[in-house]
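Subject: Structure handover

Hello,

I am handing this structure over to you. Please open it first, then read my notes below.

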Amino acid sequence: MKTTTNSNRPRRRRLLGPGTILALILAAGIAITGRFANRPQVAPEAGRIVFEADEKGHMRRAGSPSASKTSMPILWKPEPGLLLEHSDKLHINPDQRTKIQSLNNKWLTAKAELEVEIGRTQLSAGDRVKTVDSGRNVTPAEITTNLQDYSQLSRHYNQLRADFWNKSVAVLSTAQQNQIADIQTTTGRTPKP
């Protein structure tokens, strides 16, 4: 709507005044706030189906997620040198120290040789995978075949480490062996089941 003023210029008249606009904004704000305030609180997991592993490792449906998230324990794969590092706490005598040091030296020599061989096997397996993959995907069976040598060496490495550890622990007295659990706790590792 146009009206004229004293200067004969057309002036536009507003449909809504500043008070009306302010009232509409406040009403919209109250309506939005009221809508969200009356909403029931919903748990973040609502509507989700939760599965958890049972004690045997099988996935089972759970009513709700466990309250405590448990992480996998760190594997504790000790070497004879660990006993020497904690010799003060274990009260290792000079004779025990000599025997453990001898076992540790043998382990370190065998370990170095095995690590070189494992590295060579990894490179060899990688080269075989590259030659097999001539523009096509490698099958899981081909990967397994190419990594068999590596897997055997890895198992041999772990068995040899465990043997040297067990021989080193056998040098200790029963009281000293019982203190190894304290060492596991202080190093932040959990024992292998």
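Here are my notes on side-chain contacts, starting with the aromatic rings.

Please keep in mind that this is a predicted model.

Aromatic contacts

There are two aromatic pairs in the structure. One of them joins W107 and F164. The pair is tilted, with 6.0 Å from centre to centre and 45° between the planes. W107 belongs to helix α4 (residues 94-132) and F164 to helix α6 (residues 148-171), so this contact ties together parts 57 residues apart in sequence.

Salt bridges

The structure has two salt bridges. K111 pairs with E79, and their closest N and O atoms are 3.2 Å apart. K111 is in helix α4, while E79 is in the loop between β4 (59-62) and α2 (80-85), so the bridge ties together parts 32 residues apart in sequence. K111 is buried, at 18% relative accessible area. E79 is partly exposed, at 22%.

The other bridge links D95 and K99, at 3.5 Å from N to O. Both residues are in helix α4, four residues apart, which is about one helical turn. D95 is partly exposed, at 47% relative accessibility. K99 is partly exposed as well, at 42%.

Best regards

Methods:
Residues are numbered from 1 along each chain as its sequence is written. This is a predicted model: local features need pLDDT of at least 70, side-chain atom pairs count only at pLDDT 80 or more; totals for chains, interfaces and linings use all residues. Side-chain values use heavy atoms; hydrogens and water are left out. Rings of Phe, Tyr and Trp (its six-membered ring) pair if their centres lie within 6.5 Å; planes under 30 degrees apart count as stacked, over 60 as edge-to-face and the rest as tilted. Helices (H or I, at least four residues) and strands (E, at least two) are DSSP runs, numbered from the N terminus. A salt bridge is a side-chain nitrogen of Lys or Arg within 4 Å of a carboxyl oxygen of Asp or Glu. Buried means under 20% relative accessible area, exposed over 50%, partly exposed in between (1.4 Å probe, protein chains only).
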